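Try each task before you read its solution.

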Amino acid sequence: MSSSTPISVRVRFAPSPTGFLHVGGIRSALFNWLWARHNGGISILRIEDTDRARYVEGALDQICDSLEALGIAPDEGPREGGEYGPYVQSERLDLYHQHAKPLLESGALYRCWCSPERLTKLREEAQATGVAFKYDRHCLIAANQRSETEPHVLRFRIPDAPESIGWDDAVRGRLDFKLTDLDDFVAIKADGFPTYHFANVVDDHLMAISHVLRADEWLPSTPKHLLLWQAFDWQPPVYAHLPAVLGPTGNKKLSKRDGAQSVQEYLDEGYLPEALRSFLASLGWNDGTTQEVYATDELVERFTLERIQRSPAKFDKDRLTWMNGFLIRQMPLDKLLERSRGFWPASASDSSMTYRRHVLRLVQDRLKFLSELSELTEFFFTEPDYRSGILETEADSDRYRHPTFAVCLRAARQAVENSDFSEASLEAALRPLAEELGTKTGVLFSAIRIAITGQKSAPGLFETLAVLGRETSLRRLDNAIKQL
RNA sequence: GGUCCCAUCGUCUAGCGGCCUAGGACAUCGCCCUCUCACGGCGAAGAUCAGGGGUUCGAAUCCCCUUGGGACUACCA
């Protein structure tokens, strides 16, 4: 299946509402979305909530919100609706029972009344003898048939033939499994809910899914799914198993302990959706060139299944951060201004957009993610905080022996007094001053910077003074001089 | 234990038999630019292509074995 796949492409992302979407999950969502877009197909969000015990309140909304915030909202789903709904499995129970019935009649499914205790015992025995556990089909024997009204599950009977079952995985290639290694898995639980395996296959068929792009961990259960497709006499979709996303330390699957964060947390820190998309895409996919950052339309255009990596990728936040800063630097100033909403320091609330725009221009190159904006620009909106003693400490240092710190500031104040505070005139006034005072430019400028910003590092001095303006700049110089 | 998957710089990766004494990027270090911090430019260090056997005139690339890591092995997904 290349870009010229003749069938209409319909893909689904099928998370369980058991918590927020972590980066591994969102990567799967992205790949599905990209494949749909690449083919002009449809992407679907299906919620797999068949385990009532693990259901987390609000998780569904969080998942939908995250996808929307990332700009990869599905075409069909719980919020969007669609012709193949409902898109939440707990609302599809009738459908599963309806489809279980003929399989039960044909013998593909059978009733099992075995207690969890018996199953556990069997498992322990198998463990002890070093044999792989497989259900012993105790309830398949006529003598063990009990009443249909007693609680029971429906198991799928692994057929005796063929010897093996396999498929051409779009990323792994040919994969085959022996049927004798497979266990008669449960299809319908005692509570009437289907298991993942059963619901998944029924829904993928009913929703006309053409490609299943899902995490690696599903690979071992794919033969069970294939057997189910076969029992139904349905045409299975193309399977593509995605490599795992690992935590930055160790080789374990990414988990919250490894610093895995929800998509929302990254967004809150000021990571751009386009940076997240480009970075996530690079986790297990590349186009074969040396390009490092991709615009989303480039991703859509170039994304193919055969370029998906087979080996797992570790999540490297440093690289994400670099990519985010790179994209911030590339962004037109007005767009960045728009995006920076909500990240300004509280003290900026009374400042005009025009003023903020000038400030933003000065820090754009220094921003790695938007939440840094606040501490980077605080002094533009509020008087510098000298309480840390930065003024005194600097004034005492050896650099300010001959022209003292105070002398530098007074001279600077005087030099700048009649300036129109344009960058050019500020530079013309201050640049020659160092030599006049018999000190280095850096020493003079540093004194001014500290007085003006309260910090040792800040944007360029002339730019900063120009943005702050005459009144504020002179006032801060005076205040600093007064304090010495 | 069983079944299966994976294996190139610390990390993301290029590589699909000769172009590789292995390329790019992040991170690290150095230099330059420079009023500081960034940005940018240049450069350094960093991978005996997990190890061992084959196949071949020729292997990071194909095959086998070993090792290491991971997933699955639930009336969870």
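This is a predicted model: local features need pLDDT of at least 70, side-chain atom pairs count only at pLDDT 80 or more; totals for chains, interfaces and linings use all residues.

**Exercise 1. Find a polar side-chain atom of Gln309 and say how far it lies from a phosphate oxygen of RNA strand B.**

Solution. Start at the side chain of Gln309. One of its polar atoms is 3.1 Å from a phosphate oxygen of RNA strand B. A polar contact is a pair of N or O atoms within 3.5 Å; within protein, one must be able to donate a hydrogen and the other to accept it, and residues adjacent in sequence count only if both atoms are side-chain atoms.

Next, go to Arg54. An N or O atom of its side chain is 3.2 Å from a sugar or linking oxygen of RNA strand B.

Residues are numbered from 1 along each chain as its sequence is written, chains are lettered from A and ligands numbered from 1 in the order written, and side-chain values use heavy atoms, without hydrogens and water.

**Exercise 2. How many residues surround RNA strand B, and which are the closest?**

Solution. Count residues with a heavy atom within 4 Å of the strand. There are 59, and the closest are Arg172, Asn286, Arg366, Arg431 and Arg449. Now sort them by class. Then turn to the RNA side. Of its atoms within 4 Å of the protein, 74% belong to sugar or phosphate, and the rest to bases.

**Exercise 3. Is Arg46 buried or exposed?**

Solution. First locate Arg46: it sits in the loop between strand 2 (42-45) and helix 2 (59-69). Helices (H or I, at least four residues) and strands (E, at least two) are DSSP runs, numbered from the N terminus. Arg46 has a relative accessible area of 0%, so it is buried. The cut-offs are under 20% for buried, over 50% for exposed, and partly exposed in between (1.4 Å probe, protein chains only). Last, look for a partner. The side chains of Arg46 and Asp204 make a polar contact of 2.9 Å.

**Exercise 4. Where are the domains of chain A?**

Solution. Domain 1 covers 256-339 and domain 2 covers 383-483. These bounds come from an automatic or database domain assignment. Taken over C-alpha atoms, the two centres are 41 Å apart.
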